[in-house]
Amino acid sequence: MRNKLVRGTGKQKFPVPTAAEIRLLQILWDLKEATVEDVVNAHPERERPHYKTTQTLLRIMEKKGFIAHEARGRVFVFRPLASRKIIDQLSVQALVSRNFHGSAAGLLINLLESSSIKKKELDELESRIREYREKHEQGDRE
């Protein structure tokens with residue numbers, strides 16, 4: 001399941017990233033571009049991965065299409081190709097498929113039942129649901 005290709009926006013397809021890949025993507029999204037050393041040093045000191053491990057993982061991520069690199073002198077500078085939004089959507093799709101038999105409503109109901117949600121967040125959810133209904137009801141009439 002983890003390696004299943006899911007269509008993103010446009011023609012690019014990305015596999016669902018692993019937890020370690022998401023951590024490195026988050027660093028690259030924040031930094032915009034980074035060397036292996038920059039990525040290693042962006043971790044809290046007591047959680048820093050080994051340089052070679054990080055380098056290997058970045059190469060794997062590049063093969064999967066998540067990132068690209070450019071040589072600048074003797075160092076490689078990596079930048080993300082996959083946006084946060086696409087990766088978030090892929091991760092949610094995988095979660096819904098794996099844990100909720102493909103039911104987005106099942107995920108939403110579980111979230112509402114298992115955690116405390118602030119009134120402001122509930123209001124935002126209600127607004128998004130209304131927008132979703134309006135958009136899809138118009139499409140159903142056409």
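**Exercise 1.** Describe the secondary structure of the protein and the order of its elements.

*Solution.* Counting the elements comes before ordering them. The protein has six helices and four strands, where helices (H or I, at least four residues) and strands (E, at least two) are DSSP runs numbered from the N terminus. Along the sequence, these elements follow the pattern β-β-α-α-α-β-β-α-α-α. This is a predicted model, in which local features need pLDDT of at least 70, side-chain atom pairs count only at pLDDT 80 or more, and totals for chains, interfaces and linings use all residues. Residues are numbered from 1 along each chain as its sequence is written, and side-chain values use heavy atoms, with hydrogens and water left out.

**Exercise 2.** Decide whether leucine 122 is buried, partly exposed or exposed.

*Solution.* The residue is located before it is classified. Leucine 122 lies in helix H6, and its relative accessibility is 33%. Buried means under 20% relative accessible area, exposed over 50%, and partly exposed in between (1.4 Å probe, protein chains only); leucine 122 therefore counts as partly exposed. For the protein as a whole, buried residues make up 26% of the 142 residues.

**Exercise 3.** Determine which helices supply at least two residues each to the lining of the largest pocket, and which gives the most.

*Solution.* The lining comprises 16 residues, of which Ala104, Leu108, Leu125, Arg128 and Tyr132 lie nearest the centre of the pocket. A pocket is an open set of points on a 1 Å grid over the protein atoms alone, where a 1.4 Å probe fits, with protein on both sides within 12 Å along at least five of seven lines, and lining residues have an atom within 4 Å of a point. Helix H4 (84-99), H5 and H6 each supply at least two lining residues, and H5 gives the most, with six.
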